[in-house]
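This note is written for a colleague who is meeting the structure for the first time. Please read the numbered points with the sequence and the model side by side.

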Number of protein chains: 2
Amino acid sequence: MPINKQNEGQCPPMHGLARRARVASGILSVCPVEQRTAALRHVATGLRNETEALLAANRWDLEQANLSPFFRERLTLTTERLESVASSVDALAGMEDPVGQVLAAWQQPNGLKLRRVATPLGVLGMIHEGRPTVGVDAATLAIRSGNVLLLRGGPESFHSTRALHSVIQQGLARAGLPEDAVLMVPDAGPEHVEAMLRAVGLIDVIVVRGGRALVEHVQAEARVPVLAHAAGMCHSYVHQAADPVLARKVVRNAKLRRPGICGATETLLIDAAIAPTFLPNIVADLAAEGCTFRADEAARAILPDLPAATEDDFATEWLDRILNIAVVEGVDAALAHIARFSSRHTEAILTEDEAVAQYFMQRVPSAIVMWNTSTQFSDGGEFGLGGEIGIMSGRMLPRGPVGPAQLMTYRYEVHGQGQLRP
Amino acid sequence: MPINKQNEGQCPPMHGLARRARVASGILSVCPVEQRTAALRHVATGLRNETEALLAANRWDLEQANLSPFFRERLTLTTERLESVASSVDALAGMEDPVGQVLAAWQQPNGLKLRRVATPLGVLGMIHEGRPTVGVDAATLAIRSGNVLLLRGGPESFHSTRALHSVIQQGLARAGLPEDAVLMVPDAGPEHVEAMLRAVGLIDVIVVRGGRALVEHVQAEARVPVLAHAAGMCHSYVHQAADPVLARKVVRNAKLRRPGICGATETLLIDAAIAPTFLPNIVADLAAEGCTFRADEAARAILPDLPAATEDDFATEWLDRILNIAVVEGVDAALAHIARFSSRHTEAILTEDEAVAQYFMQRVPSAIVMWNTSTQFSDGGEFGLGGEIGIMSGRMLPRGPVGPAQLMTYRYEVHGQGQLRP
C-alpha cells in the first residue's frame with residue numbers, strides 16, 4: 001500500500017506542508033542529539049533577543065481582536081512571560097534526550113535478540129487556541145523528542161504565533177536543522193483545521209488544546225489519531241481517616257491556588273462521618289478567600305446557608321472560585337460519584353489509612369490519582385517530565401501529562417544470526 | 001462531563017451490552033490475579049472437553065456457508081486446531097500478569113513520590129472475520145490483561161463463535177468471575193459493527209482483524225480509537241555485504257515457510273553490486289519450490305526470463321508463492337523503495353556490516369525491523385509476548401505485536417505528605 005499516494009490531490013496546501021514536514025522528520029529523527037539541543041538553545045536566545053518584535057506582533061493581534069478581558073489576558077505577551085518560556089526551553093535543552101532509548105531488551109531461546117527502541121512519533125499536528133506561547137511549548141517539546149510539528153494556533157493570535165514561529169525557525173537554521181521541522185499553516189483560515197484532521201498518512205497524530213467546542217469538534221471529525229488535552233473535572237475526597245489539618249490546607253491549595261487551571265479541584269467530597277466538623281471549617285477557610293459553593297442536600301443539612309447544587313453543577317468545570325460539595329457515605333460512594341462526573345483527569349484522596357488510599361487509587365478511572373496532596377500538582381513539569389504538550393485523559397497511550405519521552409513511539413529491532421522460523 | 005450519559009438512547013442493544021461490560025471491567029481490573037489465571041485454565045479444559053459440541057457448531061457454519069476453498073479452510077475447526085488453541089491458553093495462564101505492574105517510580109525534590117502503574121485498557125471491542133479461534137485468542141488475552149472483551153466475529157462463523165464463547169463464559173463462571181467479562185453481539189447483523197464503531201465512552205478501543213475492506217471501513221468510520229491489524233507488505237533487503245549462504249536460506253524461509261501470513265516477505269530487494277551472482281541463485285532456490293516472480297528492469301537485465309513487475313505489483317501483498325524483485329543501488333535506494341511501498345509492518349536487512357544494519361534499522365518506517373533473520377518471525381508468540389491480538393502498524397502505541405502487556409494503559413499515582421503547589 002503506497003501510503004503517500006492516498007491523499008494525492010487532496011487539499012494541496014496541506015499536502016505540500018505535510019510532505020515538507022515528512023522530509024524534515026526523516027532528518028530530525030536521526031540527527032545527532034547535540035544538533036537538536038543547540039536548536040533549543042538558539043530558540044531560547046532568540047526569544048530573549050527578539051522580545052521587541054514579538055511584543056509588537058502581539059500588539060497587532062490585541063488591537064484587531066474584540067475579546068473579553070479574560071481572553072485578552074491570555075493572549076497578551078509580556079517580557080516576563082517570554083522570559084518564562086525561554087527558561088522552560090533552556091530546561092528542555094538540558095534534559096535527557098528520549099530518541100533511541102532502549103526501552104526493553106531481551107533474548108529468545110533461539111538466540112534472537114530483541115529490543116524495543118524509542119523513536120519519534122513523526123509529524124505532529126498542533127491545533128490550539130488561547131495563549132500563543134502554547135505553540136512554542138509544543139514546538140520545543142517536538143524538537144527535544146525528534147518530532148516535526150505543523151502548527152495551527154488560534155486565529156486571534158495569528159501574528160503573535162507567526163513571530164514566535166520565525167524565532168523557532170531561526171533557531172533550527174542556526175543549528176543546521178531544516179526550518180521545515182516546525183511549520184505553520186499559511187493563514188488563519190478554518191479550512192486548515194479541517195485539512196489537518198483528514199491528513200491520514202501525512203500527519204501522524206494531532207494534539208488539540210483549547211475550549212470544549214474545539215476539542216469536541218476535533219475528536220468528532222478527525223481521521224488522524226488525536227491526543228486531546230482534557231477538561232479537568234477534578235475531585236478531592238476527604239476520607240474519614242484524613243488528617244483534618246493536612247486536608248484543609250491541601251483542599252485550599254487544590255481549589256484556590258489557581259482556580260483557572262485544568263488541575264484545579266472542582267468538587268469536594270467529604271465522608272459523612274467527619275462532615276459535621278470538617279465541612280464548616282473548610283467552608284470558612286475558602287469563603288474567607290472569596291470562594292462560593294454549590295452543595296448537595298447532605299451538606300446543606302449541616303450548613304443550610306450553602307446554595308443547593310444541581311446535577312449539572314456537579315458536571316461543571318467552573319475554572320473559578322466556585323466549589324461543588326457533596327457528602328458521601330464512604331469510599332465506594334466517593335468512587336461512584338467520581339465515576340459518574342469525572343472527566344478522567346485527576347482525583348485526590350486525603351486519608352491517613354494506607355489501605356483505603358490503595359483501594360481508591362486502584363479504582364479511580366482517571367489518568368492521575370493523588371494521595372495526600374493537591375490536584376494542582378497535575379502538570380508535566382511538576383511530575384519531572386520536562387514540561388508537557390497537554391494532559392491526556394483518554395485510555396490509550398500516551399495518557400496523563402505528555403512530555404518529550406511520551407511523544408515517542410517504539411519499533412522492535414530483532415537481531416538474528418540466520419535463524420529460520422520452523 | 002458525565003461521560004456515560006452522552007450515548008444514552010443510542011443503539012439500545014449495544015448500550016446494554018457495553019454497560020454490562022463496564023460493570024464486569026470494574027471487577028476484572030481489580031480481582032486477584034489467581035482468579036483470572038483460574039479462568040484461563042478452565043477455558044483450556046473446556047476447549048478440550050467440549051470438542052464435540054464445538055465441531056458440531058462449526059459443521060453448521062460450514063454447511064450454511066458458500067465459501068471458496070481458501071476461506072472454508074480458514075473457517076474449519078479440527079480437534080488438532082482446538083488443542084493448539086487450548087495449549088496457547090495454558091501458556092497464557094502460566095504467564096506473568098501485567099495488571100498493576102509498576103512501570104516507573106521516582107521522587108521529586110519536593111518529596112512527592114510518583115509511580116506509573118499498568119492498568120487494563122478497559123472494554124475492548126473485537127471485530128474480526130475468518131478463523132473463529134481468533135475470538136478465543138482475543139478473549140483469553142483480554143482475561144490475562146484484566147480487560148473485558150465485546151466480540152463480533154465474522155457472520156460466516158457465527159455458530160462456531162457462539163459455541164466457543166459459551167466455553168469461555170463457563171470458564172469465567174467457574175473461576176467466580178462475571179460471564180460478562182467476555183460478551184458477544186447477539187446476532188450476525190452488520191449493524192452491530194456500526195454501533196461498536198460509534199460507542200464512544202462505552203468501548204475504550206476497537207481491535208480489527210480481517211481483510212483490507214473491513215479494516216479500512218473500521219478505520220474510516222470509527223469514533224472510538226482503533227488498533228488495526230496490519231497488512232504485511234514486507235521487504236527483505238540483501239545488502240552487498242550479506243553472507244550469501246545465510247541470505248539465501250533466510251529469504252527462502254521469509255518467502256515460503258508460510259506465504260499466507262502477514263509477516264511473509266513480498267518483495268526482495270538486492271544490491272546491484274551482488275545481484276549478478278545472488279539473483280540467479282535465489283531465483284533458482286525459490287523456483288524449485290514453485291515460487292513465481294515479478295521483477296524490475298534491472299533484475300530482468302540479469303535474468304531476462306523473469307516476468308516484468310508493474311508498480312502495482314510492488315504494492316501488492318500476494319500472500320502466495322509470488323515474489324516481487326527489485327535491484328537497488330545501495331541502502332538508501334532500498335530505504336526509498338520501502339518508504340514508498342511498505343505497509344509499515346516488518347522489514348529485514350541481510351548484511352554482515354553492523355554499521356549498515358544500524359543505519360537501516362534507524363531509518364525504516366516500520367513497526368518491526370530485522371537483521372539477519374526471517375520476517376516470518378514477526379509474531380507476538382515468537383517475540384515472547386505470550387501471543388498477540390494482532391500486529392499494529394500505526395505509529396501510536398501499542399505498536400507491533402500486541403500481547404497482554406501491550407493491552408494496558410497506565411495511571412500516575414502521586415503520593416504526598418501534604419505538599420502544596422507554590
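1. Basis of the note. This is a predicted model, in which local features need pLDDT of at least 70 and side-chain atom pairs count only at pLDDT 80 or more, while totals for chains, interfaces and linings use all residues. Residues are numbered from 1 along each chain as its sequence is written, chains are lettered from A and ligands numbered from 1 in the order in which they are written, and side-chain values use heavy atoms, with hydrogens and water left out.

2. Overall form of chain A. Chain A contains 14 helices and 16 strands; these are DSSP runs numbered from the N terminus, helices being H or I with at least four residues and strands E with at least two. The radius of gyration of chain A is 24 Å, close to the 22 Å that the globule rule gives for 422 residues, so the chain is as compact as a globular protein of that length. That radius is taken over C-alpha atoms, and the rule is 2.2 Å times the number of residues to the power 0.38. Along the principal axes, the C-alpha atoms of chain A fill a box of roughly 70 × 65 × 40 Å.

3. Interior and surface of chain A. Of the 422 residues in chain A, 57% are buried (under 20% relative accessible area; exposed is over 50%, and partly exposed lies in between, with a 1.4 Å probe and protein chains only). Among contacts (heavy atoms within 4.5 Å) in chain A with a separation of 6 or more, 71% join residues 24 or more positions apart. Chain A exposes about 15500 Å², and carbon and sulfur atoms supply 53% of that area.

4. Nonpolar cores. A nonpolar core is a set of buried Ala, Val, Leu, Ile, Met, Phe, Trp, Tyr and Cys residues joined through side-chain atoms within 4.5 Å. The largest has 72 residues, of which B:L47 and B:I389 touch the most other members. Helix α6 (residues 133-144) of chain B gives this core its largest share, 7 residues. Apart from it lies another core of 70 residues, including A:C31, A:L77, A:V134 and A:V148. In soluble globular proteins, nonpolar side chains tend to be buried together.

5. Surroundings of B:I389 and B:V207. Residues up to four places away in sequence aside, B:I389 touches B:M126, B:A138, B:L141, B:V207, B:R209, B:V402 and B:L407. B:V207 belongs to strand β6 (residues 205-209) of chain B and counts as buried at 1% relative accessibility. Its contacts beyond four places in sequence are B:G125, B:M126, B:I127, B:L227, B:I389 and B:M392.

6. Cis peptide bonds. Where do they occur? The bond from A:L397 to A:P398 is cis, with omega near -5°, and A:P398 lies in the loop between β14 (391-392) and β15 (400-401) of chain A. In chain B, the bond from B:L397 to B:P398 is cis, with omega near -5°.

7. Positive phi. A:N372 has a positive phi of about 60° although it is not a glycine. A:N372 sits in the loop between β13 (368-371) and β14 of chain A, and is buried at a relative accessible area of 5%. B:N372 also has a positive phi of about 60°, and at 5% relative accessibility counts as buried. Most residues other than glycine have a negative phi, and most peptide bonds are trans.

Technical notes. Areas by Shrake-Rupley, 256 points an atom, 1.4 Å probe, with all protein chains shown as cover.
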